[in-house]
Amino acid sequence: MERGVSSLEGLVCKARRYVVLMAGYDPGMHLGSSLSVLETVAALYGTGRLKFNVANGAHNRNYFVLSKGHAIHAVYALAAAMGYLTVDELRETGSIGSRLQNHPETDTPFVDVPNSGSLGQGVSMAVGLALGLRLRGEPGRVYLVTGDGELDEGQTWESFAVAAHYNLTNLVTIVDLNNVQLDGHSEEVLRKGDVAGRFKALGFDVVEVDGHDVKEVVAALEKAENNTKPTVIIARTIRGRGVPPIEDTAKQRISRDDALKYANDIC
Amino acid sequence: MLDLESLTPREALGRALADLGDLRRDVVVLVADTGETTRARLFAERHPDRFFNVGIAEQSLVGIAAGLALAGFMPYALTFAAFMTRAWEQARNSVDRLALPVRLVGTHAGFADAYDGPSHQALEDIALFRVLPNFTVLVPADSCEVYRAVTASATVKGPVYIRVGRDFHIPATCGLYDRFEVGRAYVAAEGRDVAIFTTGITLSFALEAAQLLRDRGISAAVVHFPTVKPLDYAAVEKYAASTGAVLAVEEHMVHGGFGSAVAEYLAQTRPTKMAIMGLKSYGRTAKSPQELYQYFGLTPENIAARAEELIKLR
């Protein structure tokens with residue numbers, strides 16, 4: 001079912017509440033990053049590009065690689081917002097017996113490429129998957145989400161060069177550019193330079209959007225899908241979006257009381 | 001009929017892959033600017049659509065191979081063994097944790113690349129891949145065994161590491177057995193007094209050592225393990241029991257490799273007098289692998305001497 005943008009915005013709002021709610025129960029989750037990438041995940045799942053009710057391994061479909069695997073709670077929250085997970089299950093995330101582990105694992109639901117916890121590796125796997133789908137003659141696309149911090153890993157550039165060289169138009173890359181990484185602001189940790197320019201130099205087309213404007217993200221996806229060159233969407237975002245004390249900081253943790261308070265403020 | 005003995009190990013590798021590509025449409029081959037040096041070119045010539053060069057980028061090589069496996073292919077990724085280990089964490093997180101059918105082929109292993117010196121001489125790769133729970137580790141001795149091991153690797157469900165040399169080999173397995181079975185050891189010589197366990201090229205050194213020992217009235221068994229993992233525990237146990245003295249010889253560091261695998265098993269099941277011969281330091285640039293085997297003491301004479309000592313110390 002295709003959803004209109006107004007309902008996409010409703011979904012984002014609901015999912016953002018769920019991300020914050022989970023933070024009240026799971027001190028091990030990466031709250032800030034899940035909040036920055038949320039609209040991107042909504043633009044992919046909320047429009048039917050990706051589906052929650054697809055068995056892993058099924059053919060003739062699109063694939064999702066969340067290379068910044070620590071933001072997996074954005075996927076859990078959206079799944080719950082769309083009715084594929086219960087809130088009860090969300091509360092269990094990060095527990096030893098829960099399917100909803102803090103990084104995508106082999107038993108994690110809704111994940112095509114698990115084990116993307118180690119940064120940089122999901123990019124290569126997405127490129128391999130896209131090469132493989134093209135070799136099989138399958139029409140499916142691979143949607144790859146990476147982060148600006150992740151781009152520090154040299155492996156990402158090794159594989160982006162391959163994507164450009166083999167002109168992988170079935171790979172759609174979204175960079176969740178939230179300007180913050182573990183040790184702080186990227187400007188202080190390690191300057192990224194002209195991120196768009198780095199991709200353009202390899203031969204990518206680059207579309208830059210406000211990553212919190214789900215309409216803009218969807219429009220950029222459409223553009224990428226119709227391009228004859230591989231496209232990178234740079235989604236400018238705010239880490240921790242919606243939780244004022246952690247917005248645009250490297251902070252991850254909030255108390256359960258704060259989590260419930262901010263969840264209420266969202267929508 | 002293909003004369004495997006006349007091929008170099010890397011030619012046997014390229015031929016095996018090209019032939020495998022005829023049999024299986026799901027086989028794809030990736031290289032890191034190593035299409036010529038690994039002889040993957042032989043596959044590329046026959047199956048150009050299933051050959052990918054990712055440039056000098058080993059981490060990307062292994063990760064892209066994992067992605068191709070997720071898309072339903074059986075990727076063989078080839079580069080120098082010394083540089084394959086650069087992507088060890090990718091082998092762990094992108095391949096082994098998912099138990100994907102990715103085959104990593106490390107060529108120029110051990111002292112095979114004498115010219116390029118220690119930076120290019122992998123002496124730790126067996127240890128590094130052996131520690132990963134889902135990996136199978138194959139260490140063929142000569143060109144015949146390279147061809148057979150690569151062919152047999154297609155039957156393995158999970159990931160496989162295959163250790164291959166370059167041009168130097170001493171034919172020893174062509175007539176030793178008919179069929180290569182993953183996980184099986186092959187008895188190259190029967191003996192009572194001491195068992196010499198080999199993997200890779202050390203098989204030929206051990207066979208010569210056994211001859212030297214025979215001249216001194218010592219009966220040495222030579223048991224060859226082209227599969228280091230899963231190790232043929234029954235063969236280990238049988239020859240440990242029948243001889244009471246086990247000497248493991250490998251073209252690899254003595255820590256963590258094939259000898260360690262044997263020792264780990266015996267220490268926990270049937271403590272046996274044992275010695276491990278191999279390397280304890282990095283290699284050197286030299287004119288040939290043979291020169292390096294001499295320089296670092298991996299010779300039939302030294303193996304015979306060590307076996308004799310092991311028996312006397314019992």
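What pLDDT does chain B average? And then, which residues of helix α4 of chain A are buried, and which residues is A:Leu78 in contact with, leaving aside its neighbours within four places in sequence?

Analyst: Happy to! This is a predicted model, and chain B averages a pLDDT of 97, with 99% of the residues scoring at least 70. For the complex, the predictor gives an ipTM of 0.95 and a pTM of 0.96.

Now to helix α4 of chain A, which spans residues 72-81 and is mostly covered, with 10 of its 10 residues buried. These are A:Ile72, A:His73, A:Ala74, A:Val75, A:Tyr76, A:Ala77, A:Leu78, A:Ala79, A:Ala80 and A:Ala81. Just after α4(A), A:Gly83 takes a positive phi of about 90°.

Setting aside neighbours within four places in sequence, A:Leu78 is in contact with A:Leu11, A:Ala15, A:Val41, A:Ala42 and A:Tyr45. The largest nonpolar core has 203 residues, and A:Leu78 is among those that touch the most other members, along with A:Val19, A:Ala42, A:Ala126, A:Leu129, B:Leu17 and B:Ile196. Helix α1 of chain A (residues 5-23) gives the most to this core, contributing 10 residues. The core lies between domain 1 (4-163) and domain 2 (186-313) of chain B, because both give residues to it. In soluble globular proteins, nonpolar side chains tend to be buried together.

Note on methods. Residues numbered from 1 in each chain as written. Chains lettered and ligands numbered in written order. Predicted model: local features only at pLDDT ≥ 70, side-chain atom pairs only at ≥ 80, totals over all residues. pLDDT = per-residue confidence, 0-100. Core = buried A, V, L, I, M, F, W, Y, C linked by C-beta atoms within 7 Å. Buried ≥ 20, exposed ≤ 12 C-beta atoms within 10 Å, placed from the backbone. Helix = DSSP H or I, 4+ residues; strand = E, 2+ residues; numbered from the N terminus. Domains from an automatic or database assignment. Contact = placed C-beta atoms within 7 Å.
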